[in-house]
Amino acid sequence: MANKKKGKSKITVYPDWCKGCGICVEFCPGRVLELSSQGKATVVREQDCIRCGFCELHCPDFAIVVQDKDFVEADKLPRRRSAKTTDKGE
Amino acid sequence: MNEITGNEIIHQYLRHNKKFPHVLCAGCGHGIVLGTLIRAIHTLAIPKDDVVIVAGIGCSGRLAVYVDFNTVHTTHGRALTFATGIKMANPKLNVICIMGDGDALSIGGNHLIHAARRNIGVTALILNNNIYGMTGGQSSPATPEGSTTMTNPYGQLDASFDTVALARGAGANYVARGTVFHVKRLEKIMVEAISRPGFSVVEAITPCHTQYGRKNRYKTPVDMYKWLKKAAVPIDRYEEMTEEQRTDRLPIGVFVAEDRSGFEERYLSLQAQMRAKGGK
Amino acid sequence: MARPRKRKEIFALGNEAVVEGALLAGCSFYGGYPITPSSEIMEIMAARLPLTEDGVFIQLEDEIASMGAIIGASLAGRKVLTATSGPGFSLMQENLGYAIMAETPMVLVNVMRGGPSTGLPTSPAQGDVQQARWGTHGDHPIIVLSASNVQECLDMTITAFNMAEKYRTPVILLLDEVTAHTREKIEIPNPGEFEVFSRTVPSMPPEWYKPYEETVRGVPPMPPLGSGYRFHVTGLVHDRNGFPTQRPEEIVELLERLHRKIDQFFYDIQLVDTIETADADVVVIAYGSVARSAELAVRQARENGVRAGLLKLKTLFPYPRRQTEKVLAHARTLVVPEMNMGQMSREVKRVNMGRASVRTINRIDGQIVTPSEILKVIMQG
């Protein structure tokens, strides 16, 4: 399952919100992220992302967004999920 | 991938007129708890207007200001009393209390046990970081024995509270513990806690590196997450362990899951009954 | 005009009258903890509220929780009440400050008993007057009312609710054990015969609502929780959006508005009754059950040829300065009888500034101040 998704993600880190705690860097199974010289998480091996979602779930500052690459590129815009599309009641 | 994990969804629940990043330290688990709570509310599709976040004082108390719900930042330890009033005044609201360990177990300990006894329909989310963070790292009732803190520079003498045992003993309807390392499990717990009737207690273990970790053999925030990864054991596995294996381990999962109706429901039905009788 | 409808008369305790007044004013939430000599208020509420359409009664684990619960309920849109006595009042001070800061309407009845500490649980006193004014920490405005007989217990409770709602502030009603436990005949006013004020709610779309914005009255509109106006409530000093701030100009703006919203309505808030004060040389300034003794003493003094008068304080704080100034225009002597060591006479002396001679009568033995005691001092001139 993981392999199917490998390389299909677009990862965005908002440096302004990143405090450089290093959780995402430490626990990323694909070693996708590293801390930059300024101490911010940066994407270095996006192609190795298996879309486990760990970094996004564990970022205490909501600074990482992982998206579907195809979707983002098709739109040429950062994908914005609407809260409504996932509402169970809809 | 339609699974609700994205931070984009969380961004929609944050107050856009608040400055980010939030005030909490790098690596503080509180942000993760907040994100998890937002996902749980999103999963349950509860409208923002119907959610009331009641917070106490301390680092955890600061979370309320960032989310776009009805938010009430109360006095130290008293969050549950405000929540009780809100729930009784308007039972349709989903009332979620965010408290720290000092908040819920020390200054607010009495309110916690009585909210549990009364089984008021409120979700109590206790963010246990084993320390008083905001005031500068003094011992809390959840500080492990032997730890070094600002008020116990030679080692903590008292035993620490077991939140789960306390909540269970006081009669809470739902009691669970999770950690900010095991986020998906924590989210599942929160969904269940919010959707059950009566009083739910969720203890979220969330590390404080700045005030606790640094002084207690954890060099970086990451070390604290490694500790969580190692120490937390699902309750069923924990039960099979020997006393020796249990040392320094922390059982996580659901400890109590009942469906007793909340105080507000019982009150309303009593009221209906009395009124049907026409008074006396 | 039609003949006024006959009012229902009941024979009630002061504490019962408080309940009647609260229900007439629209109170639908009571949270409390039992304590002598206020418990009847709680007991009667426990019997009455569940029989009303949406009334909520809840007994909490302590007085701290009582305050928390009623503030929560008030935020959710209810008119709320709690009642207590000295030791419980001390515990309520923490959240009383919160209610002031978060501008939450609520009424707190404190039936005063002897203190300090557990003191004299079943005896009257007026020892909590300055605590009512300054008990919670920090600079703050507060409205403190009192009642001297059972009818006033009802009337002043209605007034307390109206002021709480009008000014978005906690209002304290100070009774003493004598007033609370006196049973006498009172009239229940008919609907329409008294004012009922409810808090102003926002009248703009939620996106434009600023919870602590400046208004003419200094009192911002207040929506109930869950009504679509999502905002942040906090006990921290906050800006107009309700978010915590440490900017000096925003701190000053908030604290000044909190004071101003009370200060600019002294004429509405400072309530007194005057008896024979127009030409009085000797004016008794009294409140609570003592004012009853004082009234008799004043009448007896008049019979004896002394031009005595009574200024009965129904509002204790903000202290009715103007009304005191008025009697000071001709009074040579002010007599201040109290069941404490002189908590209100301090206020009187502050306003008097040495003009008239101020004679105090202070009882701290758990006994009432009798008319003859007051008369004796009046006759001394």
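**Reading the chains and their elements**

Mentor: We begin with a contact between chains, to which chain B brings 37 residues and chain C 36 residues; two residues are in contact if their C-beta atoms, placed from the backbone, lie within 7 Å. This is a predicted model, in which local features need pLDDT of at least 70 and side-chain atom pairs count only at pLDDT 80 or more, while totals for chains, interfaces and linings use all residues. Residues are numbered from 1 along each chain as its sequence is written, and chains are lettered from A and ligands numbered from 1 in the order in which they are written.

Trainee: Which element of chain B gives the most to the side that touches chain C?

Mentor: Helices (H or I, at least four residues) and strands (E, at least two) are DSSP runs, numbered from the N terminus. On the side of chain B that touches chain C, helix 3 gives the most, with eight residues. By class, that side has 14 nonpolar, 15 polar and eight charged residues; Ala, Val, Leu, Ile, Met, Phe, Trp, Tyr, Cys and Pro count as nonpolar, Asp, Glu, Lys and Arg as charged, and the others, Gly among them, as polar.

Trainee: In what sense do strand 2 of chain B and strand 10 of chain C pair?

Mentor: Two strands pair if DSSP finds at least two bridges between them. Here three bridges join strand 2 of chain B to strand 10 (residues 232-234) of chain C in the parallel sense, and T71(B) has H232(C) as its bridge partner.

Trainee: How many residues of strand 5 of chain B are buried?

Mentor: A residue is buried if 20 or more other C-beta atoms lie within 10 Å of its own, exposed if 12 or fewer, and partly exposed in between, with C-beta atoms placed from the backbone. In strand 5 (residues 174-179) of chain B, six of six residues are buried. Y174(B), A176(B) and G178(B) point one way, and V175(B), R177(B) and T179(B) point the other way.

Trainee: Which strands pair with strand 5 of chain B?

Mentor: Strand 6 (residues 200-205) of chain B runs parallel to strand 5 and is joined to it by six bridges; there, R177(B) is partnered by E203(B). Strand 8 (residues 250-257) of chain B pairs with strand 5 in the antiparallel sense over four bridges, and V254(B) stands opposite A176(B).

Trainee: What unit do strand 5, helix 7 and strand 6 of chain B make?

Mentor: A crossover is right-handed if, with the strands pointing away from the viewer, the path from the first strand over the helix to the second runs clockwise. Strand 5, helix 7 (residues 183-195) and strand 6 of chain B make a right-handed β-α-β unit.

Trainee: What span should helix 1 of chain C have?

Mentor: The expected span of a helix is 1.5 Å times one less than its number of residues. Helix 1 (residues 14-25) of chain C has twelve residues and should span 16 Å, which agrees with the 16 Å between its end C-alpha atoms. Twelve of its twelve residues are buried, and G26(C), which follows the helix, has a positive phi, near 100°.

Trainee: Is P318(C) buried or partly exposed?

Mentor: P318(C) is partly exposed, because 19 other C-beta atoms lie within 10 Å. Its place is in the loop between strand 14 (315-317) and helix 11 (321-328) of chain C. Beyond its neighbours within four places in sequence, P318(C) is in contact with I262(C), F266(C), I269(C) and Q270(C).
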